[in-house]
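Subject: Structure handover

Hello,

I am passing this structure on to you. Please open it first, then read my notes beside it.

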Amino acid sequence: MKKILIILGIFISTLSFSQVDNQTIVARYMEFYEYNSYSNEFEEISAQWVETIMDFDDDYYDISIDGSDFNRVYWEFEERDKDLGDIYYTQDELKFIFNYDEQKIYFYSEYDDGIELYTEIIVLSKISKK
């Protein structure tokens, strides 16, 4: 019985390690990138100081950009990639990555079926807990 409890404890701690904690964070910097099919690279379109507040929950996050009303977005945890971080997909099939090493959050959108690639990325940085 004791062995089962130890294994269960390790399994539960692994599950919680694979997902973002329920917390509120503030990102103060935002960068926009678009895919350039000629150069086969993402190019920065703009970068600016914008306050983004995100309140995370297991099944959704609430987001406010530059003082706007909060919007709720439902999501689901996909996997933990050792290089990228925690990967989620939203209800609209947008890709969302928390990169803990870089302290950045990546939003991938506008998936192109022809090239099998998201063509727009928003990167949030200068992150702190609220």
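Below is what was found, topic by topic.

**Ground rules**

This is a predicted model: local features need pLDDT of at least 70, side-chain atom pairs count only at pLDDT 80 or more, and totals for chains, interfaces and linings use all residues. Residues are numbered from 1 along each chain as its sequence is written, and side-chain values use heavy atoms, with hydrogens and water left out.

**Layout**

The chain holds one helix and eight strands. Helices (H or I, at least four residues) and strands (E, at least two) are DSSP runs, numbered from the N terminus. The order from the N terminus is α-β-β-β-β-β-β-β-β. The chain has 130 residues, and 33% of them count as buried. Buried means under 20% relative accessible area, exposed means over 50%, and partly exposed lies in between (1.4 Å probe, protein chains only). The areas come from the Shrake-Rupley method with a 1.4 Å probe; for residues, only the protein chains shown count as cover.

**Aromatic side chains**

There are 21 aromatic pairs in the structure. Rings of Phe, Tyr and Trp (its six-membered ring) pair if their centres lie within 6.5 Å; planes under 30 degrees apart count as stacked, over 60 as edge-to-face and the rest as tilted. One of the pairs is Tyr 88 with Phe 98. This pair is edge-to-face, at 6.0 Å centre to centre and 75° between the planes. Tyr 88 sits in strand 5 (residues 85-90) and Phe 98 in strand 6 (residues 95-99), so the pair ties together parts that are ten residues apart in sequence. Both Tyr 88 and Phe 98 are buried. Both also belong to one aromatic cluster, alongside Phe 56, Tyr 61, Trp 75, Phe 77, Phe 96, Tyr 100 and Phe 107.

**Salt bridges**

Side chains of opposite charge can pair when their charged atoms come close. The rule used here asks for a side-chain nitrogen of Lys or Arg within 4 Å of a carboxyl oxygen of Asp or Glu. The count comes to two salt bridges.

In one, the side chains of Arg 72 and Asp 62 meet at 2.9 Å, N to O. Arg 72 is in strand 4 and Asp 62 in strand 3 (residues 60-65), so this pair ties together parts that are ten residues apart in sequence. Arg 72 is partly exposed, at 43% relative accessible area. Asp 62 is buried, at 13%.

In the other, Asp 86 meets Arg 80, again side chain to side chain, at 2.9 Å, N to O. Asp 86 counts as buried, with 0% relative accessibility. Arg 80 counts as partly exposed, with 30%.

**A negative patch**

Which residues gather in a patch of negative charge on the surface? They are Asp 58, Asp 59, Glu 76, Glu 78 and Glu 79. Patches are made of residues with over 30% relative accessible area and no salt bridge: like charges are joined within 9 Å, nonpolar side chains (Val, Leu, Ile, Met, Phe, Trp, Tyr) within 5 Å. Lys and Arg count as positive and Asp and Glu as negative; His and the chain ends are not counted. Each charge is placed at NZ of Lys, CZ of Arg, CG of Asp or CD of Glu.

Glu 76 is found in strand 4 (residues 71-81). Glu 76 is exposed, with a relative accessible area of 59%. Glu 78 lies in strand 4 too. Glu 78 is partly exposed, at 49%. Its C-alpha atom is 9.6 Å from that of Lys 95, 17 residues apart along the chain.

**Positive phi values**

Most residues other than glycine have a negative phi, and most peptide bonds are trans. Asn 40 has a positive phi, near 65°. Asn 40 is in the loop between strand 1 (24-36) and strand 2 (41-56). Asn 40 is exposed, at 55% relative accessible area. Glu 110 also has a positive phi, near 55°. Glu 110 lies in strand 7 and is partly exposed, at 47%.

Lys 104 is found in strand 7 (residues 104-112). Lys 104 counts as partly exposed, at 26% relative accessibility. Asp 101 is exposed, at 71%. Asp 101 and Leu 84 are 17 residues apart in sequence and 8.6 Å apart in space, C-alpha to C-alpha.

Best wishes
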